[in-house]
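Please look over the sequence and the 3D model below. A short report on selected parts follows.

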Amino acid sequence: MYKRLTGMQDILPEDQPYWRFVQEKINQVTALYGFQRLDVPILEEAALYVRSVGPGTDIVDKEMYTFTDKGEDEVTLRPEFTAGFMRAYVENHLDKRPQPAKLFSVGPIFRYERPQAGRFRQHTQFNVEALGVEDPAMDFEVMSLAWHFFSLLGFHGLHFQLNSTGCPNCRPRYVEKLKAHYQLHYDQICDNCKRRLVRSPLRVLDCKEDRCQPVIASAPRITDYLCDDCKQHFGQLTHYLDAAQMAYTVNHRLVRGLDYYRKTVFEVWVEGIGAQAAVCGGGRYDGLAQEIGGPPTPGIGFGSGLERVIMAMKAQGVAVPGLPRPQVLLAYLGATAKEKAVPLAVDLRLHDIGVILPFGNRSLKSQMRQANREQVHFVVILGENELAKGVAQVKDLQVHEQFDVPLEDLSAWLSGKLAM
Ligand SMILES: [Zn+2]
Ligand SMILES: [Zn+2]
């Protein structure tokens, strides 16, 4: 017997109402904010991700599904959306169109991570990017789209975690201060942080090890070292958030894992789903386009892992509507009736009436049991006697009445009843 690969999942029919609901809310919220869908390939040149995400990050060092294809090219299964979006934006000259380019996508991403609750090696991400505008009002619009999305899903207790990671003008000065602080406490910190200090120093603030917590708590804060431009950007963004009464906490530890972030970084947290409360994370990445050989292009976006979102919906007790089911079961008795029933089922469906046709030549009792199990509204019964008269017997299971309906009137009759 074959088994699923570790960290992979099957999404069974009973979970699909959640997926349908989430997809509908994605369509609704992106239409409200004027974002258009862009789909990029799942497979890209490995170098695109190495260059943009950056060596020294967990994604590039440990988590990418990279392999050599039959043409000897080194390729990677998309570990995140932003780099591919940026590549598509430059390659398709979307920068020549009116700006900003407001784009979104939904699809699988792949990371070879240690599997844990709500985290899979293949997972589905809702990704939003706004390219070509530096205005902090754009940061606010992207953040409010996220907020609005989670509100539409029925979450309560939303709030932002917010930070600025500075820019190439001010970040180096902060990084020196941070490194100096860590040198003073070098004996206290974990081996991982010692490596991070060399390769990706901001990430020491993200460490979960107990021994590192006092060092993080006493570390200098980047918001005290921002240049005027970054300070003004951050101030304007918090002003918009205040005006919209969206709750936020300035979290000095929030740096996100990726090297290309500039200025704004944020997460959306929801109540009641335990310690890992983030359902969405993102930020501004004004330097990324140049990093991959494109024109200077500011951008801000976020990604949200939908498996985690659905897990959080269940934890908060969010109810979703069921999927539409056929409301008619077409029962038949005997071979002649079956000859009539098989094409009749198709005809009714062509008239937009959902029909369940029982299989195997079973007794009427067994077919009625199926009708109850499937919770249909009507059972249409074709028997020898009915056929001789050119009628079908229709049982309304909700009001427990039955009718003889001429076969040529059946679709109109059922349509009328089902529309009531
Ligand atoms: Zn700056
Ligand atoms: Zn550490």
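## Strands side by side

F160 has a bridge partner in strand 8: Y248. This model is predicted, so treat each feature as part of a prediction. In general, strands of a sheet pair through backbone hydrogen bonds, and the pairing is either parallel or antiparallel.

Now widen the view. An open sheet is formed by 8 strands, in the order 1-5-6-11-10-9-7-8. Its pairing is mixed. Strand 1 (36-37) and strand 8 (248-250) are the edge strands. Each of these pairs on one side only.

## Helices across the sheet

Helix 4 spans residues 82-91. This helix lies across strand 5 (101-110), strand 6 (122-131) and strand 11 (299-305). Helix 4 runs at about 45 degrees to strand 6.

Helix 5 spans residues 136-152. Strands 6, 7, 9, 10 and 11 are the ones that helix 5 lies across. Relative to strand 11, helix 5 runs at about 20 degrees.

## The two faces of helix 6

Helix 6 (residues 171-184) has 14 residues. From its first C-alpha to its last, helix 6 reaches 20 Å, close to the 20 Å expected at 1.5 Å a residue. Four of its residues are listed as buried: R171, Y174, L178 and Y182. Seen down the axis of helix 6, the buried residues fall within an arc of 75 degrees, so they line one face of the helix.

What do these buried residues pack against? Their partners are helix 7 (191-199) and helix 8 (213-217). The face turned away from the buried side carries exposed residues: P172, A180, Q183 and L184.

## Two domains

The protein chain is divided into two domains. Domain 1 takes in 13-170 + 226-315, and domain 2 takes in 328-419. Taken over C-alpha atoms, the centres of domain 1 and domain 2 are separated by 50 Å.

## A look at H377

Where does H377 lie? H377 sits in the loop between helix 13 (364-374) and strand 14 (378-382). Is H377 buried, exposed or partly exposed? H377 counts as partly exposed because 17 C-beta neighbours lie inside 10 Å.

H377 and V328 are 49 residues apart in sequence. In space, they are 6.1 Å apart, C-alpha to C-alpha. Leaving out residues up to four places away in sequence, H377 touches Q327, D396, L397, Q398 and L418.

Notes. Residues are numbered from 1 along each chain as its sequence is written. Chains are lettered from A and ligands numbered from 1 in the order in which they are written. This is a predicted model: local features need pLDDT of at least 70, side-chain atom pairs count only at pLDDT 80 or more; totals for chains, interfaces and linings use all residues. A residue is buried if 20 or more other C-beta atoms lie within 10 Å of its own, exposed if 12 or fewer, and partly exposed in between; C-beta atoms are placed from the backbone. Two residues are in contact if their C-beta atoms, placed from the backbone, lie within 7 Å. Domain bounds come from an automatic or database domain assignment. Two strands pair if DSSP finds at least two bridges between them. Axes are lines fitted to C-alpha atoms, for helices over the stretch in contact, and angles run from 0 to 180 degrees between N-to-C directions. The expected span of a helix is 1.5 Å times one less than its number of residues. The arc is that of the directions from the helix axis to the C-beta atoms.
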